[in-house]
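Below are some notes for a colleague who is opening this entry for the first time.

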Amino acid sequence: MLFRFVTRLLFVISLTCLAPGLAHAEFSRAPYLQLATENSIHLVWRTQAAIKPVVHFGTSQENLNQICREDQILVRRTQKDKHSGKAPPLHSAPDNTFQFEAQITGLKADTLYHYAIYEGTTRLTPDDGSYHFRTHPEHGKKRDIYLWAVGDSGTGSQMQKDVHQAMINYNKKHNLTLDMYLHVGDMAYGSGKDPEFQANFFEIYEPTLRNTVCWPAMGNHEGYTSKGKTGIGPYYDAYISPTRGEAGGASSGKESYYSYDYGRAHFIVLNSHDLDRSPSAAMAQWLREDLAKTSPEKTDWLIAYWHHPPYTKGSHDSDKEKQHIEMRTHIMPILESAGVDLVLGGHSHIYERSMLMDGAYDTPTTAENKIFDDGDGDAKGDGSYQKSPGLKPNQGTIQIVTGHGGQGLRRKGYSPVMKRSILQHGSTLVHISGDTLNTKMLNYRGEIVDTFQIVKNQAVTPSRIAKPWQPGRPSKGKYIIPKKAEWRYLAGNFAPKDWTRPGFDDSTWKNGKAGFGYGDADDTTELDMQNKYTSVYLRKTFKLQQPTDVNHLWLGISYDDAFILYLNGKEVIRNGVTKGQSENATGIAQHEANNSFEMFDLTPYAKLLKTGTNTIAIEGHNHAPTSSDFTLHPTILRAQ
Ligand SMILES: [Fe+2]
């Protein structure tokens, strides 16, 4: 008895010494869910001291009447800490780390369970109802599916947190519960080290990870410390992915690529980073085997994801970089011949979303005869994309680049297959209900800025469009606000309250012809801002007779260094300003105007337009008061 008391006392002392001042000193990595199936799930957590854990679980929060005992929980330690038994050692976790991996089995399908982690009679997880999991529905069962996809997020930045919080707020407001979380890679910048995983992934997403399984794809930043070939590294320590077809599909034998079923959907995760992507290599062979095994009677939807997207012109160029080119030329033909519906990627720090397309495997990518539907796929816009029921070969794919989860954004150009190219932080929400797949891009402020649907309710014979709609600079357009238009302007760092609103009284502001600035002799209205102030505010109204007819509205702007644009009082485009607005704007990037007008697609915000008078407000920011030049020269045009 005395011995037990002393042991317990020593444990408490060691715990106190190792993790001082933490409210939940018990966990150095809070509990999170992994690898769910119809009848099992994994629960993983870490401590910095030995504990003898028991997992209690049950279908009622008040009655956790089932137990996962200590002998069903795998304990992993670092090589240095002398791991024992069959458990593989942790690659580079801090000294004295204990990683516990509880496999909870014998569960009922599609059932919500609450859980708690105990040490003896001491409950380590709070009793607040948020610690729960839901098993997968039976493969083939009709059931709605709701998932969150995000990429290139693991910076630890406020933007990463805002994107996550926007998803939480949206789900709360609409009473939605995630069934799963897809991460398309780059979750632990800069090099996927164990502490980077802890700070930039586990701590930020903790409220989601405790009750939602994250099904990951490895990014290149994780690839600095984790290797796909060996399955060793902090990435492989963090995740438990199926290698033997545990959650459906064929055995891959590797955690690096795998598949899983959820109701009537099949999900495929590939490693685009550090494995052979050729058609004869092991990954492509497994992919063919997996697709051949996919039951057409039980599967209506096929979704695939990996880090390097087949089509992008964001911060990476899919026409120039090997991983993108090989995934497009070697992997996409296999997936499209199996009827893939949606392909998600990241790596490129932008949101891009394609038209309904098929067979675009060439380099450089061309769109002629590769597009089945060049509309926006919005049920309330051009109409939903149509495909035949079930998984039929080559009926069209939508490609999404969702690499805008936290890292700095960039656009190099426009891929000809993309319907949307939006430089805004955010994430992707996918909702499958019966014969309809609905997707939304939710930005970091909680606004939906893109939405489309795929509907599979009748047989469709797709036909190829010889000259589909093309993104990028409109070939023909009409100025709504021309280059030499007169604007109201206010020069100086401070903007009055509500200055972006349509009804704001700007009669005391000056009138000036665009553009505005100093230096480089490219400005019509010269400003005395050098060494005095760094911001200028512009307002202008324009009239529309039928805003619903505006199917293509563009901002053409020459700027140096940064700007935020508001349409009828709502912020819609932000370029080069990290945070805040007007005098509170911070993180101003440097950008040369070079006498050229860059194009920004305003079409996704067309719903903000009104019949009659509309108001554009723009704030321009200079990188520093000492800067040698500044330019703010906006135009608005309508493509024809
Ligand atoms: Fe990346």
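1. The model is predicted. The protein is divided into three parts by the assignment: domain 1 covers 14-134, domain 2 covers 145-455 and domain 3 covers 477-639.

2. Domains 2 and 3. The C-alpha centres of domain 2 and domain 3 are 34 Å apart. Their contact draws on 7 residues from domain 2 and 4 residues from domain 3.

3. The domain 2 side of that contact. Which elements give two or more residues to the side of domain 2 that touches domain 3? They are β22 (418-422) and β25 (448-455). Of the elements on this side, β22 gives the most, with 3 residues. By type, the residues on the side of domain 2 that touches domain 3 are 3 nonpolar, 2 polar and 2 charged.

4. A sheet of 4 strands. This sheet is open, its strands are antiparallel in pairing, and the order is β1-β2-β6-β5. The edges are taken by β1 (29-34) and β5 (73-76); each has a single partner strand, so one side of each has no neighbour in the sheet. From one strand to the next, the twist averages 15°.

5. The pairing of β1 with β2. Strands of a sheet pair through backbone hydrogen bonds, in either a parallel or an antiparallel way. Here β1 runs antiparallel to β2 (residues 41-47), and the two pair over 4 bridges. One place to look is Tyr 32, whose bridge partner in β2 is Val 44.

Key:
Residues are numbered from 1 along each chain as its sequence is written. This is a predicted model: local features need pLDDT of at least 70, side-chain atom pairs count only at pLDDT 80 or more; totals for chains, interfaces and linings use all residues. Two strands pair if DSSP finds at least two bridges between them. Axes are lines fitted to C-alpha atoms, for helices over the stretch in contact, and angles run from 0 to 180 degrees between N-to-C directions. Domain bounds come from an automatic or database domain assignment. Two residues are in contact if their C-beta atoms, placed from the backbone, lie within 7 Å. Ala, Val, Leu, Ile, Met, Phe, Trp, Tyr, Cys and Pro count as nonpolar, Asp, Glu, Lys and Arg as charged, and the others, Gly among them, as polar.
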